[in-house]
Amino acid sequence: MKGWEDKTVREVRSYVGLRFLMGLQSKRDQREWWSTDPLMSSSVFAKTMTMTMTALHFVDNEGEHPAEDRLWKLRPVLDVLESTYRSVFVPNKNVTVDEILWAFKGVTTPSSTTRARARRGLKVYKLCSSDGPEAGYTAAFKIYMEQDRGVFPSSMKAVTDLLEKADLLNKGYQLQTDNWYTSPTLFHYLQARKTSAVGTVHLNRRGMPSDLQARFPVQQDRNDQPSVGG
């Protein structure tokens, strides 16, 4: 905690605003946002903050937290984001689910004997509007922490968890998926909850009709797997 300096609410809000701006432009290194080089500078950054925040804490490290929650240091922020998405944005009929990587190089496993460092980032599942001017807007998200083992496969659980978080089941929505998520089990589950679905699918996915390959033209996907349109 040497050199620790508490920040004001205004400073934190300013920092969050600058982080949003970073998503609208591209730089090779974070320090370039504060560059004085006229060819590289973005004056609003230096005018807003004189230095970057290298460490943000949202909880007390010495306080109690659920042992099974690997994201407890971010939990207050995640809870606010999830509740805000539900309250301010209602997607149109067509939605889609996919995954992205959030840049992260920290440790995500709780045990000192099984500590594993994320090499590329955190996998995040997102449920977004898929058409209209709001296409791409997030309705719900879920950070994958390798704790999704259960009755359903992780690909199906990601979809059902997101739809439940966004409160979109039983409301007539249509979900669009790629062949990693698409399965007869998932589509039957959604149909029973008044949610239609469409997507590409692997021909060898469990539960697929055996005569499907003869009925539909086959295409190779990006992983050289046979797939068809659903």
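These questions and answers explain some of the terms used for this predicted model.

Q: Why is the pair of Y125 and W180 called stacked?
A: Ring centres must lie within 6.5 Å to pair, and planes under 30 degrees apart count as stacked. The centres of the Y125 and W180 rings are 6.3 Å apart and their planes meet at 15°, so the pair is stacked.

Q: Which parts of the chain does this pair link?
A: Y125 belongs to strand β2 (residues 122-129), while W180 is in the loop between β4 (174-177) and α5 (184-191). The two residues are 55 residues apart, and the pair links distant parts of the chain.

Q: Which residues do ring pairs link into a cluster with Y125 and W180?
A: Y144 and Y181 are linked with Y125 and W180 into a cluster. The count of aromatic pairs in the model comes to nine.

Q: Is Y125 buried or exposed, and how do you know?
A: Buried means under 20% relative accessible area. Y125 has 1% relative accessibility, so Y125 counts as buried.

Q: What makes W180 partly exposed?
A: Partly exposed lies between the buried limit of 20% and the exposed limit of 50%. The relative accessible area of W180 is 35%, so W180 is partly exposed.

Q: Why does L24 count as exposed?
A: Exposed means over 50% relative accessible area. L24 has 70% relative accessibility, so L24 counts as exposed. L24 lies in the loop between α1 (9-22) and α2 (43-48). Together with L21 and V44, L24 makes a nonpolar surface patch of about 270 Å².

Q: How do you know that G172 is partly exposed, and where is G172?
A: The relative accessible area of G172 is 37%, which is between 20% and 50%, so G172 is partly exposed. G172 is in the loop between α4 (154-165) and β4.

Q: What does G172 touch, not counting residues up to four places away in sequence?
A: G172 touches K93 and K194.

Q: What makes the charged end of K27 sit over the ring of W33?
A: The charge has to be within 6 Å of the ring centre and within 35 degrees of the ring normal. The charged end of K27 is 5.4 Å from the centre of the W33 ring and sits over that ring. The charged end of R193 sits over the ring of Y189, 3.6 Å from its centre.

Q: Which residues of α5 are buried, and what covers them?
A: P184, L186, Y189 and L190 are buried in α5. Their cover includes α4, β4 and β5 (196-202).

Technical notes:
Residues numbered from 1 in each chain as written. Predicted model: local features only at pLDDT ≥ 70, side-chain atom pairs only at ≥ 80, totals over all residues. Heavy atoms only, no water. Phe/Tyr/Trp six-rings, centres within 6.5 Å; stacked < 30°, edge-to-face > 60°. Helix = DSSP H or I, 4+ residues; strand = E, 2+ residues; numbered from the N terminus. Buried < 20%, exposed > 50% of the residue type's maximum accessible area, 1.4 Å probe, protein only. Patch = residues over 30% accessible without salt bridge, like charges linked within 9 Å, V, L, I, M, F, W, Y side chains within 5 Å. Areas by Shrake-Rupley, 256 points an atom, 1.4 Å probe, with all protein chains shown as cover. Salt bridge = Lys/Arg side-chain N within 4 Å of Asp/Glu carboxyl O. Contact = heavy atoms within 4.5 Å.
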